[in-house]
Amino acid sequence: MELLFIFQLLLYVFGGFLSLFVSAEKKNLNSWTHLVAALAAGCGLASSIMVLFRNAHLSFCFPSGITLFGPLELAMDPLSAFFVFVISFLSLAASIFAVGYSREYQEKKNVSLLGFLYHFFILSMVLVVTAKNIFYFLIFWELMSITSYFLVVYEHEKPAARKAGLIYFVMTHIGTAFITAAFILLYVHSGSFHFDSFGANASPLNFAWKNAIFLCALIGFGTKAGIIPLHIWLPEAHPQAPSHVSALMSGVMIKTAIYGLLRFLFNFLGTPFPWWGGLILVFAALSTILGVLYALMEHDLKRLLAFHSIENIGIILLGIGMAVFFNATNQPIFASFALIAALYHTMNHAAFKGLLFLGAGAVISKAHTGNMEELGGLIKKMPWTAVCFLIGAVAISALPPLNGFVSEWLTFVSLLMGFKNGSAGIRLLTPVLAALLGFASALVATCFVKVFGITFLGTARSEHARQSSEVDFSMKLGMGMLAACCIIFALSAPVITFLLGKVTQALFGSEALPLHFVRTTFLMDPAALSQLNPMWVFVVVAVTIVCVWADTGFVWQRKRSDRAELGLRF
Amino acid sequence: MNLILSIAQIVLVLILAPSVSWWIKKIKALSQNRIGPTILQVYADLGKLFQKGMVISDQASWIFRAMPYILFSSALMAASLVPLFFKSSLLGFSGDLILFVYFLALGRFFLTLAALDTGTTFGGMGSSREMALSSLAEPALLLSFFALAYRAGTLSIEGIVLHFSLEAPFPILFFTSMAFGSMLIVTFVESGRIPVDNPATHLELTMIHEAMILEYSGRCLALIEWAHQIKQFLFLSLLVNIFSPWGLADSTMGIHLLFSFLFFLSKIFGLAFVIGWVEIHTAKLRLFRVPDLLAIAFVFAVISLLGQLMIGR
């Protein structure tokens, strides 16, 4: 397990330098170096799943030259393991996709550099979520920001990319400044750089310090996550990077900010104040609604998807806000459920947003434009891409039976658990927030009807779209894997909820058993409001569709020509 | 026995759904001094459509062909969550009212996609209108559901119906009636009835639902129409079962079932009469006024919730 983890890190380093040193003449060879990243991601996937299943705690220390800050310690507790898992499954698919996708850049750009940055970008994300020391956390955080900055300006001949890069660079460093401030305050209080020295192990923070640290962390990580007043870099930067990198930036890089926020809220700061939850909920609702409204006005595929990342971060924060609130009012089981909703959505968002970005990349690589107005009719030219994109669209619109619905259901229920608890203010606020979440997800469905309808259906609106063709195998495989994830994450909801229950149990103590949330194949909430059986629903949908299909076939068997019209062959 | 009854309820939805549409048509006809169609006419219409051949645009993709099935099965799935005259429904244990709302959203998602598929202007117009209105209708519906769930302490549709059937009518009357108003307005929108959409017209400037399915013919059209009638029926049965849940059978004794079945029929046709009455007495709203109507629905739901919070449970 430890070996797999170390091997993963070494593979990223190796892959990075390999792609840098594979000479520029052997361009075709170069894109294959992305498979090293895929292998590394596989190792990460295996080690993180092992940690999650075995309840193990993986940890090791490198002696460091800089004694002031203590040794470099990397560790995987359940929370870190969960984030390593999310990073790994998405980078596995994105790396496979990149084999085909980076060929597009061969003639024009330095592919060696792309591969190098790509490997180090993923490496830095894995290190961020496993570092156990303030100093190294900030180093890796900065490495992540720098590599992603260079990836954003990879197509630096475009003025838009340079401008986006600048905004990103400035904003991300403002965020880092606040994060650093939060950490320094913690350090001043506890006198140690090690993560374990905060929280329960330190003397309790006083009122003002606690609030100051919380606000610094919220602003700092909020900038990286793209919550709404701090989001301005996100819709500029994400679309400019190559699509498989956009998928990673949107799918997991902004989640590292969620990771940092969770560490602060549930590990470092001790018992939170209820108003923190309220503040997070307000920002979450703002991001959810405005994110999707901005997205509705967009006509550029990747920009539109970037705005949806803001919206989904809002949904994740709705869960986190409720978790903070319940934790503050000393209801660990409820808090645990709300956090499961947030983490589940984190994972699902990585799957479907990654899928959609890869799909957009596939479209752009063949039609050479991301402007929806110039596309159309692609379902006939790129049938596989269309099917994968449709699965992503259904998932992000939170429609059953796919994974988006499961995590949105969890978020709905954790909001509505506010009914039975808390002040009258929360009792009124939470159902209204839940209705706003319903509003947002209806708008998301509207938006993706638009995206899919205009891009893939109807007739082609430009010569480019007319001449596009299906992408090659590696790209199809990359998208197919994520599409499969969207289905598997829905089907295996009880298992996932159980594992996430373990993650939250590590944060909230032994009271919050995973058994409170899962009974056989049912998901249930601790307030006994409701229950859901995603597996059952999925099976029934499949059966019903087959029945209706077969029924119309049998009843009209005598009209063969009629069936031919439908395109049915049985 | 429970299983048989639950399945019987779904069959009942399939059979009864067209008759409610007939009943509304009949009321309208009678009000205009016409005799109107007999009840067999709606079934004959469906049967006729099922036997007709289809014309499918050569621009259409598989989405266009798959949509009627997805729409129909999503309506059926929603139907499996709603109790009609018996206390439990087929899949009521595996989902709740959020699932109900999202099954309908699934059908709508594909309905609007298919409208865009052939690339006609009507389809695009219809689907953008449908999505715009339904994104306003959905939060109103959810919030009125939540207001009821707050009182019942559960999100399951069966649970809510059960809770209200055990409660005395008067204490609940005032605030839940606000939620009733909200859901009634949403019913008009979702089933495409007159203040919002006119099911009897093909006038291009006003139509919503009809614009989306303009390209369909034959069997596919029959399925779409049927699914639409099922959806309307489900909304009506939710309204009657939540707001007048008395008389729901909780035993499997024959006489109980018979009584509750007849009682259910009278309730649902009574409510359908109200829908028809509204259709007779109002003109269709301008499209830009419909959001106002839905805002009223949302406000009703908020008042229902707020009232319960302030006055107590």
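**Notes on chains A and B**

Modeller: Residues 62-86 of chain B are 72% helix and 0% strand, and the end C-alpha atoms of that span lie 39 Å apart. Helices here are DSSP runs of H or I with at least four residues, strands are runs of E with at least two, and both are numbered from the N terminus. This is a predicted model, where local features need pLDDT of at least 70 and side-chain atom pairs count only at pLDDT 80 or more, while totals for chains, interfaces and linings use all residues. Residues are numbered from 1 along each chain as its sequence is written, and chains are lettered from A and ligands numbered from 1 in the order in which they are written.

Colleague: Which residues of chain B does UniProt annotate as "transmembrane region"?

Modeller: The unreviewed UniProt entry gives that annotation to residues 6-24, 62-86, 98-119, 131-150, 170-189, 233-249, 255-278 and 290-311 of chain B. The positions are in the numbering used here, feature names are shortened, and annotations may be inferred rather than shown by experiment.

Colleague: And how much helix is in residues 131-150 of chain B?

Modeller: That span is 100% helix and 0% strand, with 28 Å between its end C-alpha atoms.

Colleague: How many helices and strands are there in chain B?

Modeller: Chain B has 11 helices and zero strands. Its C-alpha trace spans about 55 × 45 × 45 Å along the principal axes.

Colleague: What percentage of chain B is buried?

Modeller: Buried residues are 57% of the 313 in chain B. A residue is buried with 20 or more other C-beta atoms within 10 Å of its own, exposed with 12 or fewer, and partly exposed in between, the C-beta atoms being placed from the backbone.

Colleague: Now chain A. At what angle do helices H16 and H17 cross?

Modeller: The axes of H16 (residues 403-416) and H17 (residues 424-456) of chain A cross at roughly 160° and come within 8 Å. That makes H16(A) roughly antiparallel to H17(A). Axes are lines fitted to C-alpha atoms, for helices over the stretch in contact, and angles run from 0 to 180 degrees between N-to-C directions. Angles under 35 degrees count as roughly parallel, over 145 as roughly antiparallel, 65 to 115 as roughly perpendicular and the rest as oblique.

Colleague: Which peptide bond is cis?

Modeller: The bond from A:Pro400 to A:Pro401 is cis, with omega near 10°. A:Pro401 sits in the loop between H15 (383-396) and H16 of chain A.

Colleague: Is A:Ala398, with its positive phi, buried or exposed?

Modeller: A:Ala398 counts as buried, with 31 C-beta neighbours inside 10 Å. Its phi is near 60°, and A:Ala398 lies in the loop between H15 and H16 of chain A.

Colleague: And where is A:Asn330?

Modeller: A:Asn330 is in the loop between H12 (301-328) and H13 (332-367) of chain A. A:Asn330 has a positive phi of about 60° and is exposed, with 9 other C-beta atoms within 10 Å.
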